Amino acid sequence: MNILLVEDSAAEVSALSAILHAQGHTLVVCAGGDAALLQFSHQAYDVIITGAFVPGLDGFALTQAIQQRIVPRWQPVIIVFRECDEGLQARAIEAGADSFLVAPVTAATLNARLMVIERLQAMQRDADARMTQLSRFLAAEEEDLHIARHLIEHQMSPDGVRRLEDPAIEVWQQTCTRLGGNMVSVNRAPNGVLHAMLGDASGYGLSACVSLLPLIAPFYRMTSKGLSLQTIVRELNAKVRQALPENRAVAAQLVAVDTREGVISVWNGGMPTAFMLDGFGHHFMEFPLTHPPFGMVSDDDFDDRIEQHAFTRGEQLVLVTDGLLEAVGPLGKRFGEEGLAASLVGLPRSQRRKELMAAIDVHLAGEAPADDMTLLLIDCEKEAIPAHPLPAKVVSPRQLGHWHFELLIGVNEFSHIDVVPLLLDVVGRFESMQGKTGELFVILSELFNNALDHGILRLDSRLKHAHDGLETWLLLREERLTALSHGEICIAVAQVNEGGRLWLRVHCRDSGPGFDVASSLARLAQQSQEHVDERMHGRGLALIKRMAERLSFNESGNEVTVLLPIGNA
Amino acid sequence: MQASISSRDGNTVIVLNGRFDFNAHREFRETVDQAVKEVSGKIHVDLAGVEYLDSSALGMLLMLRDKAKGAGKEVALANARGAVKQVIDIANFGKLFPLI
């Protein structure tokens, strides 16, 4: 050891040096306290051995001064007394010495004391090293969290801007200190359909956030391209499987809100049940967990089926992460579905988020949440479709490019007049329509056949799918047509010149009770451009929807309007 | 619509003419039943003479495809043009039938 010996008596110095040198220690000797303090400020020593009453600063004052300087570490000091005095010995310990010795000092006692000090020093060095390591880890952890927050906030959209300002969306999020990996993404498809994603990665911190990354960019890109929710969830599952280690899954819920058709679609993979509140805040519809989280199943086993529901006005979809439901207050009680329902149900839309924030505050009563908590509220407001899809105004028949005719037929005509060619023949005589009757044929044919077969004759398309189904369908159709006593179909075709463009408006109304518009349109809304339908039926509306600018129904479904662009005026 | 059967390069060809919609069902079905029985090669549906085609025609083409599959034959759609081609494209029938 490297030892500083403070002693003015030559006899003492030589006695102690003999012992210390014998043990192989190195030694610096100072004759007084002041010199020793100066020496100490230049160089560190493993141990200081000082006489109690050395000149200048005495042993006690020297010890105190040294210990003060070296805080928060500890300097081992041994004070040597000429005689045994318990009062002085107590003072030595108070001053900050480790131990004391009484002269004449024997080799055995001195070596024993030094050995104890050596052991303590080894322990201290060990503890120091661990402290350094710990603070390095802590700094790294903080850096990770910083990166994680940045990643999530800046990946919320490809351009780094959190696009959560959609007017149909309300988000409330409280992250826990470790970051629980909750994420909300919102984007609109080119046709105005709102897509929202609420994700919850397992684990905490950077690893949770990194798990979310494979979802974000594809979600924005595919939504912007107008791809369907089903195509998107399938791709996200594949992406998570590609990017993350096996068995690392990400729970997520994806929602599509089509305000034009009034249909909401939900894919729930491993998230808590989402539910709809009506305009009065009554709970009326649930979207429970139906699929495993992303990354759990292979592409082949992946199930892209979605739950759908029609809405009209004033509904709101409520999505939460489990961190909110599992939030535990000081009494050990979870917030739970009851807490959530109690804070939302019965309230008007505008107050729900605030009420929930207040309720969670009361519930947690100052406790920090153990996981991220997220609430996502999505307004479901069906657009009011004007009866006339074009700007309503009085149209003068003399206006350039305007013409109009309608055909009203009843029971007697249904089987005797081939309606579609008749209409097509009339339309084809107008100059603007020459060579453009192909699309119109499809539209007229689908509309008239739907009106007659489904609207009036109430035939079920699914018949066609059975073995010899088309034959059965045909027989039943003729049977019903023969037995029919009343019913009528009116088809109106008009050409209008609006905004420098020519449009063909086809309106078809039948006297039947209509059909379930919402669910048919919901199915259509989910079909992507690449959709291949192998069924024997149900293709007509899809064809019209892709050819026409607009396809809209009245509420009951027995009146339909199609708007077809036919070129510049 | 008129439907007839001929044979070309060892394949059976169903030649359709006119308006292909629900009213053509019987005629089409009879022709299909006959074509599927033919021993030779693949079945080609020649759409060159088809003026218009709607969703029920698409359904009937699928019926033909099912029946042909049952008889171990492939069905291809030939010479679709104009509005007919457009409907076939919109319905992505190119993924179900070879288009020639």
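How many bridges join β16(A) to β17(A)? Eight do, and the two strands run antiparallel. The model shown is predicted: local features need pLDDT of at least 70, side-chain atom pairs count only at pLDDT 80 or more, and totals for chains, interfaces and linings use all residues. Residues are numbered from 1 along each chain as its sequence is written, while chains are lettered from A and ligands numbered from 1 in the order in which they are written.

**View 1. An open sheet of five strands in chain A.** The order is β16-β17-β18-β20-β19, with antiparallel pairing. At the edges are β16 (403–410) and β19 (550–553), each pairing on one side only. From one strand to the next, the twist averages 15 degrees. Strands are DSSP runs (E, at least two residues), numbered from the N terminus. Two of them pair if DSSP finds at least two bridges between them.

**View 2. The pairing of β16(A) with β17(A).** G410(A) has E488(A) in β17(A) as its bridge partner.

**View 3. The hairpin of β17(A) and β18(A).** Strand β17 (residues 488–498) is joined to β18(A) by 10 bridges, and the two run antiparallel. V493(A) is partnered by V506(A) in β18(A). Two residues lie between the strands, and G499(A) takes a positive phi near 55 degrees.

**View 4. Strand β18 (residues 501–510) of chain A is mostly covered.** Eight of its 10 residues are buried (20 or more other C-beta atoms within 10 Å of a residue's own, with C-beta atoms placed from the backbone). Nine bridges pair β18(A) with β20 (residues 559–568) in the antiparallel sense. Here L504(A) has L564(A) in β20(A) as its bridge partner.

Key: A residue is buried if 20 or more other C-beta atoms lie within 10 Å of its own, exposed if 12 or fewer, and partly exposed in between; C-beta atoms are placed from the backbone. Helices (H or I, at least four residues) and strands (E, at least two) are DSSP runs, numbered from the N terminus. Axes are lines fitted to C-alpha atoms, for helices over the stretch in contact, and angles run from 0 to 180 degrees between N-to-C directions.
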